[in-house]
Structure formats: C-alpha cells, structure tokens
Amino acid sequence: MTDSTERLETNLRRGVLEFCVLALLSKEERYGLDLATDLIERRLIASEGSLYPLLSRMRENGLVETRWQPSGAGRPRRYYAITALGTDQLTSFVDIWKSIGGQVDQLLEGIQ
Amino acid sequence: MNTHDTYLDEIRRRLDGLTPSQRETVLDDLRGHLADAADAGRSQEETQAALGTPSEIAQRSYEEFGGAPSAVDRAWRVLLWTATGTAVMLAAVVAFLMPSYQVSTSNGPYENIETLSLVDAFGPGIALLALIPAAIAVAPLLVPERLHAVITLTAAIATTAFVIIAGFSIGGYFAPVAMLAWAAVITPWRLRIAGGFGFGWRIAAAAVIIAPVLVWLAGISTGAIAWGAVTVIPMIISAALAALIAMGYRAAGWAVAAFGAITLVSVILNFGMLALGVIAAGGLLLTVGLAHALGARR
C-alpha cells in the first residue's frame with residue numbers, strides 16, 4: 001500500500017472508529033484487550049495503542065463508562081460499557097451513515 | 001522499576017500538554033490493557049510493541065483531546081521564536097537606524113556634523129555581524145529533536161557570550177535575546193520537572209516587576225517624584241500584576257510580556273541616551289512575562 005492510500009484509509013477510519021467502538025459496545029461490554037484485538041482483526045485500527053486515547057476521550061465525553069468485573073484469571077477486569085449518551089450518538093450516526101453511505105455507493109457505482 | 005513502569009512514565013512525560021485528568025484517564029486505560037495482556041500470557045516486549053511507541057500514543061492522545069502540543073514544547077518554541085524576532089528587530093535598529101557615528105565635514109567656513117548609522121559608516125557587512133544573535137537564537141529550532149536541549153543551552157551561553165564580548169560596542173543591545181534564550185532553557189525544564197513555576201520562581205518574577213515601583217516610591221518619599229495619577233496608576237498596575245504573577249495567574253504574564261514588547265518597539269521609534277537601559281528593561285519584562293505565561297500552572 002502506498003503512503004497516500006494509507007493516509008486516505010487512516011483519515012476515513014478516524015471519523016468512523018468512534019462509532020464502530022460504540023456499535024461493538026452496544027452489543028456487549030468488552031475489556032480493553034478484547035476490544036483492541038477485535039478492531040485490529042477488522043482492520044479498523046493499525047495498532048492497539050491508537051484505541052486507548054480514543055477510549056479515554058470517549059470516557060471524558062461521557063459516551064462510554066468503565067466498570068470492574070471479575071474475570072476467569074481471578075483478577076477483576078476493567079470493562080467498557082456504552083452510556084445512554086453514547087447510545088444516542090450511535091443512533092444519530094446510523095441515520096447519517098445510511099444517508100451518506102447510500103449516496104456515496106450510488107456515486108461510486110460502475111467506477112473501478 | 002520494570003519496563004512497563006518505564007514505558008508508562010515515558011508516556012506520562014509526553015502527555016504533559018493534557019490536563020491532569022485527561023492524562024490519568026489515558027494512563028489508566030493503558031494500565032488496564034497491560035494487565036489484561038499479562039493475564040493473556042503476552043510478554044512485556046510483545047505488549048508494548050503492539051501498543052506502539054510512547055511518542056505514537058502521545059500523538060494520538062493530542063489528536064483526540066484537541067491537538068494541543070505539549071506545554072513544554074510550546075513554551076520552548078514560543079520563547080525561541082520571540083528571541084529570534086527580537087534579535088532581528090534589534091539588529092535592524094543597531095545596524096540601520098541607530099545614529100552611532102558623528103562625522104564632521106568642513107565646507108568652507110562652516111562645519112557640518114553628519115550623523116551616520118553603523119551601515120552608513122562601515123558598509124552592509126556590519127548588518128551581518130548584527131544578525132549573529134538572531135542566527136544563534138533560531139539554531140535550536142532547526143536541529144533534530146534529540147539535539148534540542150543541548151543546542152538550546154548552547155544558544156543561551158553563546159548569546160550571553162556575544163552580549164559580553166561585544167559589550168564595548170553593540171553587544172549590550174542584545175541582552176533581551178540572551179534573556180529569552182535562558183528562558184527557553186529554564187521554562188521547559190521547570191515544566192518538565194515540576195509542571196510549571198513553583199512559588200520561589202514566581203516570587204522572583206514578581207520582584208522584577210515590582211522593582212520599578214519601589215524605585216518610584218523612594219523617589220516620591222524624597223520628593224524627587226510628585227504624587228499624581230501619572231505616577232500612581234502605573235504603580236498600582238505593576239503591583240497588581242506582580243501579585244497576580246506571584247499567585248500564578250497566566251494572564252498576568254501575557255500582560256507583562258505585552259508591556260515589555262511595547263517598550264522594546266518604542267525604542268525603534270525613539271532612541272535616545274536611555275536606549276540601552278530601556279532595551280534591557282523591556283527585554284526583562286518581555287522575558288519574565290512570557291516565561292510566566294507559558295510556564296504557569298493555571
């Protein structure tokens with residue numbers, strides 16, 4: 001992949017990553033490592049390190065919250081959960097994405 | 001100290017441009033990840049490699065939290081650019097504007113006294129000499145990041161040396177550049193070590209600002225200066241700014257810096273016998289005000 005396509009991909013992912021995290025958390029609470037591994041497998045983040053500044057900011061904005069839960073390893077784990085505000089934002093995003101995504105798909109139709 | 005502590009410390013150091021609560025949130029989230037990764041049987045090296053370097057994580061954090069560059073880096077940059085700008089301005093004053101030489105030409109029975117600037121007297125080469133402090137002040141901004149600290153210290157020492165060595169001619173005019181260069185060494189250092197200027201430093205800054213007030217008060221008590229709005233109002237303003245700086249308010253630093261800058265610029269418009277003293281005083285206020293504004297804790 002060339003530098004410019006990589007930059008394009010990074011920029012595009014950056015805008016939607018926050019909502020991908022909200023979408024994952026809306027299904028179930030996740031702990032950090034699990035969330036990071038999932039996002040990397042989906043090629044939504046390039047390195048695990050880029051998830052935490054995002055999660056921290058979302059925590060500060062009140063979109064997600066953390067809670068401790070017992071884990072199999074015996075030590076309690078920090079889980080991330082979506083808040084009511086986060087759910088609101090996710091719902092708005094779904095509407096916007098459907099509209100924009102539909103238009104973009106239509107415009108790109110037939111282009112190699 | 002194990003390697004995770006070192007890793008987190010390095011990240012904490014690079015996040016000093018964030019608020020303490022933002023910084024703690026990021027570190028907290030990372031600590032959770034490190035513990036999870038250890039439980040999953042990953043080695044410390046593996047975990048850190050997957051997370052990325054402290055500088056990458058810091059950069060992402062600044063992108064998320066508003067892209068503010070670190071306070072340390074900002075203080076260093078602003079002080080050095082101010083030193084460079086001041087040096088260029090002073091070079092222009094010293095080489096082109098300041099009447100330095102009087103030449104008498106006799107024209108029959110009359111004698112004309114002509115006033116020449118340094119460039120008039122010695123040619124354009126002298127302007128290059130006057131630009132040496134500017135070249136020194138800008139140098140740390142142009143070198144790779146790992147050399148920043150050592151070249152900034154070198155620049156502070158070199159500009160000071162220029163002021164002293166060339167002191168018999170033009171050196172003294174460049175005292176503000178040396179002051180700003182030292183501020184570019186000291187302010188980032190205090191920010192790094194102590195998160196800003198502590199009480200002792202702020203009292204010293206306040207003393208610099210209050211000093212003229214004490215001189216005026218002495219003048220009034222001996223009757224050399226009369227009471228009046230013209231003397232009292234500036235005294236009250238200086239005392240208030242000094243108090244606010246001692247308490248650590250950032251805005252007071254900007255006000256003092258602006259006053260120092262205006263003083264320096266006024267030298268261009270009107271250079272008399274007092275030029276050297278005015279430049280030193282303006283430079284000192286600019287330096288102390290700017291360093292406080294960039295290194296304040298609130």
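This is a predicted model: local features need pLDDT of at least 70, side-chain atom pairs count only at pLDDT 80 or more; totals for chains, interfaces and linings use all residues.
## Chain A: overall fold

Chain A contains 4 helices and 3 strands, arranged along the sequence in the pattern α-β-α-α-β-β-α. Of its 112 residues, 24% count as buried. When contacts in chain A between residues at least 6 apart in sequence are considered, 49% of them join residues at least 24 apart.

## The sheet of chain A

The strands of chain A form an open sheet of 3 strands in the order β1-β3-β2, with antiparallel pairing. Strands β1 (30-31) and β2 (64-69) of chain A are at the edges and have a single partner strand each, so one side of each lacks a neighbour in the sheet. Strands of a sheet pair through backbone hydrogen bonds, in either a parallel or an antiparallel sense.

Between β2(A) and strand β3 (residues 77-82) of chain A, the antiparallel pairing extends over 6 bridges. Within this region, A:Thr66 has A:Tyr80 of β3(A) as its bridge partner. Helix α3 (residues 51-60) of chain A lies across β2 and β3 of chain A, and its direction is at about 105 degrees to β2(A).

## Helix α4 of chain A

Helix α4 of chain A spans residues 84-108 and has 25 residues. From its first C-alpha to its last, α4(A) reaches 35 Å, close to the 36 Å expected at 1.5 Å a residue. How many of the 25 residues of α4(A) are buried? The number is 1, so α4(A) lies largely in the open. A:Gly110, which follows α4(A), has a positive phi near 85 degrees.

## Chain B: overall fold

Chain B has 14 helices and 2 strands. Of its 298 residues, 36% count as buried. Among contacts in chain B between residues at least 6 apart in sequence, the share joining residues at least 24 apart is 67%.

B:Glu24 belongs to helix α2 (residues 20-39) of chain B. With 14 other C-beta atoms within 10 Å, B:Glu24 is partly exposed. B:Glu24 and B:Arg12 are separated by 12 residues in sequence and by 8.4 Å in space, C-alpha to C-alpha.

In soluble globular proteins, nonpolar side chains tend to be buried together. The largest nonpolar core of the model has 60 residues, and B:Leu79 and B:Ala181 have the most contacts inside it. Helix α5 (residues 71-97) of chain B supplies the largest share of this core, 13 residues.

Which residues are in contact with B:Leu79, leaving aside its neighbours within four places in sequence? They are B:Leu180, B:Ala183, B:Ala184, B:Thr187, B:Leu290, B:Ala291 and B:Leu294. A second, separate core has 30 residues, including A:Ile45, A:Tyr80, B:Ala37 and B:Ile57. One of these, A:Tyr80, is also the bridge partner of A:Thr66 in the sheet of chain A.

Note on methods: Residues are numbered from 1 along each chain as its sequence is written. Chains are lettered from A and ligands numbered from 1 in the order in which they are written. A residue is buried if 20 or more other C-beta atoms lie within 10 Å of its own, exposed if 12 or fewer, and partly exposed in between; C-beta atoms are placed from the backbone. Two residues are in contact if their C-beta atoms, placed from the backbone, lie within 7 Å. Two strands pair if DSSP finds at least two bridges between them. Axes are lines fitted to C-alpha atoms, for helices over the stretch in contact, and angles run from 0 to 180 degrees between N-to-C directions. A nonpolar core is a set of buried Ala, Val, Leu, Ile, Met, Phe, Trp, Tyr and Cys residues joined through C-beta atoms within 7 Å. The expected span of a helix is 1.5 Å times one less than its number of residues.
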